[in-house]
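Student: Hi! Could you walk me through this model in plain words?
Tutor: Happy to, let's look at it together.

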Amino acid sequence: KNLRYTLPLLAGMAVIAALALMALPRGIRRGAVVVLLVLGVLQLSAIVTGVPPNVRLPGLGVLWVTASPPIRADWKHAEILARLQEDRRGAPVTVSVVPNDNFFSVSNFRYYAVRDRLNVRFVRAWDDPPLGIDYMILKTGAVGPSWTAEKSLRVSQRLATDPALARVFPVIGEWALPDGSTATLRARRIPPVDT
């Protein structure tokens with residue numbers, strides 16, 4: 001599903017690899033260490049920079065690395081959080097991040113909030129009425145993998161078809177994203193009751 005789920009296994013795999021290396025005869029061990037170091041440098045370079053280019057492993061038909069060079073596109077996280085900070089005026093708030101896109105999800109916003117020490121609680125898209133939600137961050141276009149996209153699309157559709165809900169959560173900011181979509185920040189504004 002996602003490589004982050006295998007991350008806890010890396011320490012154990014490193015220990016097993018070191019034990020296997022130590023079990024080799026001394027003459028072969030030195031050559032194996034050199035080969036492994038060269039392969040490690042090549043693999044790191046292929047992942048980070050795309051050089052050397054990715055190739056399929058013979059007989060297996062799979063790519064030898066998952067290349068993911070740094071992405072320099074600005075997904076507007078800082079601008080959205082700045083607008084949120086400006087609007088909330090220091091009050092603790094709960095923000096629903098509706099999309100689950102790879103570069104625009106609740107995890108991305110949690111990271112920046114922790115990094116910048118913001119007193120903001122982030123949650124995923126809501127199922128029931130959005131009670132306790134102070135702000136919503138939405139995105140048009142692709143909203144994530146198929147197993148989460150349905151919920152995101154349902155929330156966006158509800159805001160588009162329910163004028164009362166849209167009135168309670170007006171848009172307070174819009175940003176163009178690198179994939180051609182638009183991000184919106186909605187804030188809960190419950191009008192006062194006159195009678």
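Tutor: Let me start with a term: helices (H or I, at least four residues) and strands (E, at least two) are DSSP runs, numbered from the N terminus. The model is predicted, so local features need pLDDT of at least 70 and side-chain atom pairs count only at pLDDT 80 or more, while totals for chains, interfaces and linings use all residues. Residues are numbered from 1 along each chain as its sequence is written, and side-chain values use heavy atoms, with hydrogens and water left out.

Student: Thanks! How many helices and strands does the chain have?
Tutor: There are six helices and five strands. Starting at the N terminus, the order is α-α-α-β-α-β-β-α-α-β-β.

Student: And what is its radius of gyration, next to that of a compact globule?
Tutor: The chain has 23 Å, but a compact globule of 195 residues would have a value near 16 Å. The radius is taken over C-alpha atoms, and the globule rule is 2.2 Å times the number of residues to the power 0.38. Along the principal axes, the C-alpha trace spans about 90 × 30 × 30 Å.

Student: What share of the residues is buried?
Tutor: Buried residues make up 29% of the 195. Buried means under 20% relative accessible area, exposed over 50%, and partly exposed in between (1.4 Å probe, protein chains only).

Student: Switching to aromatics: how many pairs does the structure hold?
Tutor: Five aromatic pairs. Rings of Phe, Tyr and Trp (its six-membered ring) pair if their centres lie within 6.5 Å; planes under 30 degrees apart count as stacked, over 60 as edge-to-face and the rest as tilted.

Student: Why does the pair of Trp75 and Phe104 count as tilted?
Tutor: Their ring planes are at 40°, so the pair is tilted, and the ring centres are 6.4 Å apart. Trp75 sits in the loop between α2 (26-48) and α3 (77-88), and Phe104 in the loop between β1 (93-97) and α4 (106-115), so the pair ties together parts that are 29 residues apart in sequence.

Student: Are those two buried or exposed?
Tutor: Trp75 is buried at 10% relative accessible area, and Phe104 is buried at 0%.

Student: Which residues do the ring pairs link into a cluster?
Tutor: Trp75, Phe103, Phe104, Phe109 and Phe122.

Student: What does Pro178 contact, leaving aside its neighbours within four places in sequence?
Tutor: Ala73, Asp74 and Trp75. Contact means heavy atoms within 4.5 Å. Pro178 lies in the loop between β4 (171-176) and β5 (182-187) and counts as partly exposed at 41% relative accessibility. Pro178 and Asp74 are 104 residues apart in sequence, yet their C-alpha atoms are 6.8 Å apart in space.

Student: Where is Asp101 found, and is it buried or exposed?
Tutor: Asp101 is in the loop between β1 and α4, and Asp101 is buried, with a relative accessible area of 12%. Setting aside neighbours within four places in sequence, Asp101 is in contact with Trp75, Asn108, Lys139, Ala142, Val143 and Gly144.

Student: Which share of contacts comes from residues 24 or more positions apart?
Tutor: They account for 60% of the contacts in the chain with a separation of 6 or more.

Student: One backbone question: what phi does Arg89 have?
Tutor: Arg89 has a positive phi of about 55° although it is not a glycine. Arg89 lies in the loop between α3 and β1 and is exposed, at 73% relative accessible area. Lys76 also has a positive phi, about 65°, and is not a glycine; Lys76 is in the loop between α2 and α3.
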